[in-house]
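Here's a quick briefing to read alongside the model. Have the viewer open and follow along.

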Amino acid sequence: MGKSNLYNTLEIPGSFLVPGFCIYVLEIIKEKYKWFYIGMTGDPHYPSARAAFHRISGHLELSKRSTQNQLRIALKEKLGIVSDDDLRKITIKMHHYPIEGFTRITDKQLDNETVQQLKLTPAYKEYKKIQQQVLALENALIFELKDKLLNKTEGVALRTSLVAYPEIYKSIIELVNNG
């Protein structure tokens with residue numbers, strides 16, 4: 001058995017484990033080819049933002065009923081990667097762009113009644129303000145880079161001058177265009 005088959009190592013920076021807003025880019029590498037997938041954390045319906053590592057695990061969920069596994073679906077439908085042997089031939093690199101501003105509003109279970117109560121609070125309004133900025137950034141990136149992405153959505157055009165977090169926008173554009 002060769003060294004490369006003996007074991008693999010996964011190193012996870014602690015920031016990937018902390019719930020919060022972020023934009024992430026998944027870079028899928030197979031031989032000399034690269035594809036990209038752009039996503040975000042920050043739920044549109046509940047005041048929560050999963051950790052980046054939680055999101056990538058959701059993207060790779062095997063369950064057919066999962067609503068989180070958009071990358072797994074794209075690997076199958078766009079790249080024909082379906083078998084375990086196919087998966088062994090790829091590498092996924094996650095680029096993580098944390099965005100400040102997420103704070104837990106409550107430790108309660110986020111059922112509909114609790115969320116309706118929270119919607120009346122200043123903390124929820126601040127959450128939604130940042131969540132909408134992160135969503136707009138994700139949409140602008142997907143729109144700008146759609147021909148190079150595995151994303152199923154096409155994004156939304158946004159004037160660059162209106163994009164919140166312009167450093168992140170520029171960095172991701174360069175990453176994907178130079179990939």
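Rings of Phe, Tyr and Trp (its six-membered ring) count as a pair if their centres lie within 6.5 Å, with planes under 30 degrees apart called stacked, over 60 edge-to-face and the rest tilted. With that in hand: Phe 21, Phe 102, Tyr 124 and Tyr 127 make up one aromatic cluster. Keep in mind that this is a predicted model, where local features need pLDDT of at least 70, side-chain atom pairs count only at pLDDT 80 or more, and totals for chains, interfaces and linings use all residues. Numbering runs from 1 along each chain as its sequence is written, and side-chain values use heavy atoms, with hydrogens and water left out.

**The chain overall**

- You're looking at seven helices and three strands, taken from DSSP runs (helices are H or I, at least four residues; strands are E, at least two) and numbered from the N terminus.
- Reading from the N terminus, the order is α-β-β-α-α-α-β-α-α-α.
- The C-alpha trace spans about 60 × 40 × 30 Å along its principal axes.
- Of the 179 residues, 37% are buried, where buried means under 20% relative accessible area, exposed over 50% and partly exposed in between (1.4 Å probe, protein chains only).
- Among contacts with a separation of 6 or more, 68% come from residues 24 or more positions apart; a contact here is heavy atoms within 4.5 Å.

**The aromatic pair**

- The whole structure has five aromatic pairs.
- One of them is Phe 21 with Phe 102, edge-to-face at 5.7 Å centre to centre and 90° between the planes.
- That pair ties together distant parts of the chain, 81 residues apart: Phe 21 sits in strand E1 (residues 21–30), and Phe 102 in the loop between strand E3 (91–99) and helix H5 (112–118).
- Phe 21 is buried at 2% relative accessibility, and Phe 102 is buried too, at 16%.

**Around Thr 41**

- Thr 41 belongs to strand E2 (residues 33–41) and counts as buried because its relative accessible area is 1%.
- Its side chain reaches the backbone oxygen of Gly 20 at 2.5 Å and the backbone nitrogen of Cys 22 at 2.9 Å.
- Leaving aside neighbours within four places in sequence, Thr 41 is in contact with several residues, including Gly 20, Phe 21, Cys 22, Tyr 24 and Val 134.
- So which residue links this spot to the aromatic cluster? Phe 21 is in contact with Thr 41 and is also part of that cluster.

Technical notes. A polar contact is a pair of N or O atoms within 3.5 Å; within protein, one must be able to donate a hydrogen and the other to accept it, and residues adjacent in sequence count only if both atoms are side-chain atoms.
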